[in-house]
Amino acid sequence: MKSLVLAGAILIAAGNIAFAQGYWVVGNRATSKCEIVTSNPVVNSQVGGNITFGSGPYRSDDDARLARSTIRECPPEPPAQAPDAEKADKGDD
């Protein structure tokens, strides 16, 4: 009975690991930007690849964005313009 419970626990743990989604922050040498990806990156800069570093996993996209803002190698993201500001620029002339 104990071995059956142990086997079930291992199966559940392996299933959770396989289906867990995470977010990683990676440095891309080709674009000189940091990107957020949903698969575990392969850092391959020493063999001529473009991925210079990988940081993560993070539980959510917001966590990854926050981490990207604290990584020294990542250039700052331009601020997103609010939709209301775009309407004000186009409309009242």
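Which strands does H2 lie across, and at what angle does H2 run to E2? I looked: H2 lies across E1, E2 and E3, and runs at about 160° to E2. Axes are lines fitted to C-alpha atoms, for helices over the stretch in contact, with angles from 0 to 180 degrees between N-to-C directions.

I note that this is a predicted model, where local features need pLDDT of at least 70, side-chain atom pairs count only at pLDDT 80 or more, and totals for chains, interfaces and linings use all residues. Residues are numbered from 1 along each chain as its sequence is written, and side-chain values use heavy atoms, without hydrogens and water. Helices (H or I, at least four residues) and strands (E, at least two) are DSSP runs, numbered from the N terminus.

**Sheet.** I found three strands in an open, antiparallel sheet, ordered E2-E1-E3. Strands pair if DSSP finds at least two bridges between them. E2 and E3 are at the edges with a single partner strand each, so one side of each lacks a neighbour in the sheet. Five bridges join E1 to E3.

**Helix H2.** I checked residues 61-70 and found Ala64, Ala67 and Arg68 buried. Buried means under 20% relative accessible area, exposed over 50%, partly exposed in between (1.4 Å probe, protein chains only). The face turned away from the buried side carries exposed Asp62, Leu66, Ser69 and Thr70. The buried residues of H2 pack against E1 (23-28), E2 (33-37) and E3 (51-58), contact being heavy atoms within 4.5 Å.

**Disulfide.** My search of the whole structure gave one disulfide, a pair of cysteine sulfur atoms within 2.5 Å. Cys34 and Cys74 form it, sulfurs 2.0 Å apart. Both Cys34 and Cys74 are buried.
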